[in-house]
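Q: I'd like to learn how to read a model feature by feature. Can you walk me through one?

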Amino acid sequence: MSPAGEDAVAIAGEVRAGRVSAAAVAERALEAIAAGDEVLGSFTAVLAERARADARRVDGLVEAGEDPGPLAGVPFAVKNLFDVAGEVTVAGSKISAGDPPAAADAEAVVRLSRAGAVLVGLLNMDEYAYGFTTENAHYGPCRNPHDPERVAGGSSGGSGAAVAAGFVPLTLGSDTNGSVRVPAALCGVYGLRPTYGRISCRGMFPFCDTLDTVGPLAASVRDLAASFAVLHGFDPGDPTSADRPGEDPADLEGGGIGGLRLALADGYFARGGDPAALAAAGELAEALGVSRRITIPRAGEARAGAMVITAVEGAHHHRRSLATRPGDFDPMTRDRFLAGALAPAGAYLQAQAFREWFRARMARVFEEVDVVIAPATPFVAPLVGQREAVVDGETVQTQPYLGVYTQPLSFSGLPVLAAPVRTADGLPLGVQLVAGHFQEAALLRVAAELEARGLTGVAEVAAPWR
Amino acid sequence: VDELETYARAAARLLGLEIEEAWWPGVVRHLGVLGDNAARVEAVDLTEPGGAGARIPGQA
């Protein structure tokens, strides 16, 4: 929620009706960030001047009796890998910090701004989006608003923390292997990874072209729906954009789960996590009366394939910097990019061939069901600096293991929504809702039902760091 | 120096990558993980029904 305790849709309603000015909303967001973000480190830049100018423009439209857009006056912030005109797109790195400023906004930023939303800043992330914890060597760690001793998740950690802290009700992240869903789960907010190609990636610093997606993180399901409504749609300027008709916004506003075939993922998704993480998915399924179980085929191999493709494509983007200034990478990123650069081409091609096989298998799964429920992360947010965790008696590397349930699903390009649940110890966890390609509306219907029943929702943050 | 590191050092020379000695253990460890992942993918029989095309996916 925003500092005023409102979600984006509520704010837009007030601004559109002229009951509150966009300028006042923007000032409240800027004040909240100034008061609270020194501890959390979710923002890497605050764009006060732009926010005030954009807010004045929105207020001018309202005063003139013109439509200011469905997200009028909603303060939002974006992961710092999105181009913002006049700002350097650092993508969490020291290397790109020396680049010239972006000439224009990324397409996703354009679409939100056109809808009346007001950009207030840029958000912390793992270097070049290669990570799940946002412990950035250059800009500092992004801390979890529920417990600043813990990470916010990643790689869109700032995007999750800024919403959870109430600085802004809406942010943009990117999701290649789980980088929207992991921070959404660990920070206790909603996050959507859309179908691959559904939201334009133009103007977003690439990580892994064949897996990258843009996704919103928000304080409520209706905020996810409202932002997705304006964000999605074909962009001829993005070669990965899917050329197909957009959804009617009315179809994204819930409507119950009648007629939807739901199932709980078993097998791979029912093991390898803390009991609380696994129980969260099972309890939601039970509450919805879902008895069906379904097996995602070869999920472990899908995660393995995603790791190969990510390392190779990611390294390829940075091959010049790896050759000329490897010492300027975050050490956690550098070694993995170097390994990706050295991997044989055959490994990459076989992973892509397997991916096509996996996509076909997943399409068959979604001939039988409409939405699958699965855990989002194997455990709650680890401590900052924690490198290992014990799961099922086995020691795992905390950072990569956070993606154990998100990576297989990204591999097939399916849309996935992360919904927040709260554990007994007060720390958030997430549950993934997965649907067939381009079936985001089904995900939003199920998520809205869960939220309406009080089974998921954004928890208030005690905010001892303020 | 094992076979993987021998391969990695040769490949790095070929690619013009200058890798500091202190970084090699981490690079080789990550390359080993990639090798394990690649082997796991390689073991899947893609002639099973479901399509075995090598077309690069991603265009949904």
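Predicted model: local features only at pLDDT ≥ 70, side-chain atom pairs only at ≥ 80, totals over all residues.

Q: What is the peptide bond from Gly154(A) to Ser155(A) like, cis or trans?
A: The general idea is that most peptide bonds are trans, and most residues other than glycine have a negative phi. Here the bond from Gly154(A) to Ser155(A) is cis, and its omega is near 5 degrees.

Q: Is Asp392(A) buried or exposed?
A: For this you need the cut-offs: under 20% relative accessible area is buried, over 50% is exposed. Asp392(A) has 59% relative accessibility, so it counts as exposed.

Q: What about Phe438(A), what is its phi?
A: Near 70 degrees, again a positive value in a residue other than glycine. Phe438(A) belongs to the loop between β17 (428-435) and α15 (440-452) of chain A. Its relative accessible area is 8%, so Phe438(A) is buried.

Q: Which residues of α8(A) are buried?
A: Ala277(A), Ala280(A), Ala281(A), Leu284(A) and Ala285(A). Looking down the axis of α8(A), these buried residues fall within an arc of 125 degrees, so they line one face of the helix. The other side of α8(A) has the exposed residues Pro275(A), Glu283(A) and Glu286(A).

Q: What covers the buried residues of α8(A)?
A: The cover includes β11, β13 (371-375), β16 (416-422), β17 and α15 of chain A. After the helix comes Gly289(A), with a positive phi near 75 degrees.

Q: Let me try chain B. Which residues of α1(B) are buried?
A: Glu5(B), Ala8(B), Ala11(B) and Ala12(B). They cover an arc of only 125 degrees around the axis, which puts them on the same side of α1(B). The face turned away from that buried side carries the exposed residues Glu3(B), Arg13(B) and Leu14(B).

Q: What covers the buried residues of α1(B)?
A: Look in both chains: the cover includes α11 (331-342) of chain A together with α2 (24-42) of chain B.

Q: Which residue caps the N-terminal end of α1(B)?
A: Asp2(B) does, with a side-chain oxygen 3.2 Å from the backbone nitrogen of Leu4(B). Just after the helix, Gly16(B) takes a positive phi of about 75 degrees.

Q: How about polar contacts: which side chain is joined to that of Ser410(A)?
A: The side chain of Arg181(A), in a polar contact of 2.5 Å. Ser410(A) is in helix α14 (residues 407-410) of chain A, and with a relative accessible area of 0% it is buried. Leaving out residues up to four places away in sequence, Ser410(A) also touches others, including Asp175(A), Asn177(A), Arg193(A) and Leu211(A).

Q: Last topic, pockets. What is the volume of the largest pocket?
A: The idea is that rolling a probe the size of a water molecule over the atoms shows where empty space is left. In this model the largest pocket has a volume of about 890 Å³.

Q: Which residues lie nearest the centre of the largest pocket?
A: Of the 32 residues that line it, Arg336(A), Gln397(A), Gln399(A), Pro400(A) and His30(B) lie nearest. At least two lining residues come from each of α9 (299-317), α11, β15 (394-397) and α13 (398-401) of chain A, together with α2 of chain B.

Notes:
Residues numbered from 1 in each chain as written. Chains lettered and ligands numbered in written order. Heavy atoms only, no water. Buried < 20%, exposed > 50% of the residue type's maximum accessible area, 1.4 Å probe, protein only. Helix = DSSP H or I, 4+ residues; strand = E, 2+ residues; numbered from the N terminus. Arc of directions from axis to C-beta. Contact = heavy atoms within 4.5 Å. Polar contact = N/O pair within 3.5 Å; in protein donor to acceptor, adjacent residues only side chain to side chain. 1 Å grid on protein atoms, 1.4 Å probe; cavity = no way out; pocket = protein on both sides within 12 Å on 5 of 7 lines; lining within 4 Å. Points joined across faces, edges and corners; volume = space filled by probe spheres on them.
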